[in-house]
Amino acid sequence: SSTKETLAFQTEVNQLLKLMIHSLYSNKEIFLRELISNASDACDKLRFEALTDDALYEGDNNLQVDVEFDAEAGTLTVRDNGIGMNRDEVVANIGTIAKSGTREFFSQLTGDQAKDTRLIGQFGVGFYSAFIVADRVVLTTRRAGMGAEHGVRWESEGTGSYTLETVEVPQRGTEIVLHLREDEREDLLNDWRLRSIVTKYSDHVPLPIRMRKRDDEGKPGEEWETVNKASALWQRSKSEISEDEYKAFYKHVAHDFGEPLAWTHNRVEGKLEYTSLLYVPTKAPFDLWDRDHTHGLKLYVQRVFIMDDAEHLMPRYLRFVRGVVDSADLPLNVSREILQDNRVIEQIRAGSVKKLLGMLEDMAEKRPEDYQKFWDEFGRVLKEGPAEDFANRETIAGLLRFASTHTDTETQTVSLRDYIARMPEGQDKIYYITADSFMAAKNSPHLELLRKKGIEVLLMYDRVDEWLMGNLNEFDGKQFQSVAKGDLDLGAVESEEERKAQEEIETEAKDLVARVKDVLGDKVESVRVSHRLTSSPACIVLGEHDMALYMQQLLKQAGH
Ligand code: ADP
Ligand code: MG
């Protein structure tokens with residue numbers, strides 16, 4: 001019953017293959033990391049499924065990844081005894097890209113090699129990276145728990161299509177044979193070279209990665225030896241872990257080519273026992289703004305991988321955080337349903353958020369340049385925080401950065417503490433303006449009087465800002481005040497004489513105001529003599545609780 005079918009790759013796969021081979025060539029070694037990482041994921045999945053069905057082990061629970069090569073045949077093989085795949089899974093996983101946001105991703109590519117390489121790194125190339133070094137790839141797999149006759153063979157030259165057939169596979173798991181391009185053989189079919197790639201990229205995959213032992217002449221024997229450290233890095237003590245090891249582990253857990261910007265590693269003991277290792281990436285992943293964005297922290301229970309999880313261990317406004325949490329208090333057979341309202345998870349989450357925010361505060365203080373990089377990349381996400389995380393509102397507010405009339409540049413560098421420190425005597429509010437662009441905020445007529453008086457105003461122009469300010473009433477005891485809403489109360493910054501002068505003008509202008517109101521009728525709520533303008537003759541002001549103008553425009557455009 002071994003019918004061989006030929007199937008076409010999804011368009012995006014073809015695009016990815018073409019692009020990847022060219023733009024990632026200088027990074028070609030990463031193919032091995034990607035294949036090992038998939039093998040390790042497959043072992044994790046088997047271990048998890050076997051918690052409730054021990055038979056899946058088929059009597060063999062020593063999970064491992066084997067790497068070997070055949071110099072004469074020109075092949076390199078990566079083999080695991082993990083969960084394996086059935087035919088439908090092969091079709092769904094290998095040959096299509098299931099990631100949401102894939103189409104948008106491809107539309108961002110520019111043809112500029114350096115830029116595209118970075119984008120692809122963020123996107124993650126996975127299995128297809130095999131084609132950077134191979135011109136033919138044969139994947140043979142059988143899912144754990146199924147009969148040997150349910151094996152599947154997938155084969156492709158990476159040019160538009162692949163074949164699929166049903167074959168006998170006695171051993172569960174997946175074997176991938178790369179037929180290397182002619183000009184890659186000398187470089188890669190080399191024991192020393194492969195071992196150094198494995199230790200460079202996969203030392204801390206918590207699973208033995210094995211290669212064959214060789215005799216004095218370099219001939220491979222029947223015995224295998226473990227090449228990597230194969231330990232759970234997060235369980236070792238901080239003092240024993242080097243910076244390079246932390247960085248390499250980050251690349252493994254985050255599937256990122258780049259380096260982490262910062263990390264925090266903590267062991268919590270006492271009533272609750274867990275270890276967390278949390279990283280902040282240097283660059284945002286391609287799908288940071290995607291609703292279905294799924295990465296996040298990996299949850300382990302006593303070193304057993306349980307699941308990749310985005311929603312339970314980190315709030316949405318920290319969705320860029322990567323890393324692991326390993327708990328000693330959760331049951332091994334924990335399910336998503338159990339995680340939903342779990343007290344242990346809630347405490348781990350609260351503790352992890354505190355650690356992470358503390359790390360960001362620390363970075364802001366001690367490494368301001370790095371903090372600025374962080375802010376430019378993730379600031380708009382962090383601004384979702386005050387609405388989502390009431391308990392940490394003040395801490396998050398302290399981490400926010402804004403553009404302001406103090407610098408008058410678009411870069412967001414001003415903290416609320418900086419602002420307060422510069423407040424002149426008598427000022428008791430934090431003034432801000434929201435607009436749909438930096439230029440619109442900066443040139444707003446609402447700022448005229450404040451500029452004249454030398455009062456700093458925060459210039460907000462990110463989409464999320466209106467939402468942010470709706471959820472932030474005060475900081476350090478100082479209330480926020482939009483300069484475009486309601487009565488602009490400058491408090492003690494205005495002198496008694498100024499106030500008197502204003503009142504006189506108001507009395508004088510009474511008739512004019514009444515006439516203007518008459519003409520405009522219902523189009524406005526009221527007409528007032530303004531104190532906020534110095535050179536413009538008139539401006540529109542919103543009621544204290546009205547939506548900002550551009551929000552109204554946005555809603556109108558959206559058909560509301
Ligand atoms: P990712 O690992 O990010 O999901 P990949 O392209 O690396 O993307 O792999 C695609 C999918 O193929 C995996 O999610 C997995 O379902 C499947 N897969 C790849 N390699 C293996 C393997 N060795 N064993 C089982 N499944 C695998
Ligand atoms: Mg992968």
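**Figure 1. Overall view of the predicted model, with 21 helices and 19 strands.** The structure shown is a prediction. Its C-alpha trace extends over about 100 × 55 × 40 Å along the principal axes. The protein has 560 residues, of which 34% count as buried. Among contacts with a separation of 6 or more, 69% link residues 24 or more positions apart. Mean pLDDT for the protein is 88, with 90% of the residues at 70 or more. For the complex, the predictor reports a pTM of 0.76 and an ipTM of 0.99.

**Figure 2. Helix H2, a mostly covered element.** H2 runs over residues 30-50. Of its 21 residues, 15 are buried.

**Figure 3. The shell around ligand 1, made up of 15 residues.** Those that come nearest to the ligand are Asn38, Ala42, Asn93, Gly126 and Phe127. By class, seven residues of the shell are polar, six are nonpolar and two are charged.

**Figure 4. The largest nonpolar core, with 65 residues.** The members that touch the most other members are Val321, Ile433, Val457, Leu458, Leu459 and Met460. Helix H11, residues 343-366, gives the most to this core, namely six residues. Another core, of 56 residues, lies apart from it and includes Ile36, Phe131, Tyr201 and Val227. In soluble globular proteins, nonpolar side chains tend to be buried together.

**Figure 5. Surroundings of valine 457.** Valine 457 is one of the core members with the most partners inside the core. Leaving out residues up to four places away in sequence, valine 457 touches Ser404, Thr405, Tyr431, Tyr432, Ile433, Leu447, Leu450 and Val483. Ile433, on this list of contacts, is likewise among the core members that touch the most others.

**Figure 6. Threonine 405, in the loop between E15 and H15.** Neighbours within four places in sequence aside, threonine 405 is in contact with Leu447, Arg451, Glu456, Val457 and Leu459. Two of these contacts, Val457 and Leu459, are named among the core members that touch the most others.

**Figure 7. Aspartate 408, a residue with positive phi that is not a glycine.** Its phi is about 55°. Aspartate 408 is found in the loop between strand E15 (403-404) and helix H15 (416-422), where threonine 405 is also found. With 11 other C-beta atoms within 10 Å, aspartate 408 is exposed, as the limit for that class is 12 or fewer.

**Figure 8. Glutamate 58, a residue other than glycine with a positive phi.** The phi of glutamate 58 is near 50°. Glutamate 58 lies in the loop that joins helix H2 to strand E2 (65-70). It has 14 other C-beta atoms within 10 Å and is therefore partly exposed. Glutamate 58 and threonine 405 are 347 residues apart along the chain, and their C-alpha atoms are separated by 69 Å.

Definitions and conventions: Residues numbered from 1 in each chain as written. Chains lettered and ligands numbered in written order. Predicted model: local features only at pLDDT ≥ 70, side-chain atom pairs only at ≥ 80, totals over all residues. Helix = DSSP H or I, 4+ residues; strand = E, 2+ residues; numbered from the N terminus. Buried ≥ 20, exposed ≤ 12 C-beta atoms within 10 Å, placed from the backbone. Contact = placed C-beta atoms within 7 Å. Core = buried A, V, L, I, M, F, W, Y, C linked by C-beta atoms within 7 Å. Near = placed C-beta within 6 Å. Nonpolar A, V, L, I, M, F, W, Y, C, P; charged D, E, K, R; others polar. pLDDT = per-residue confidence, 0-100.
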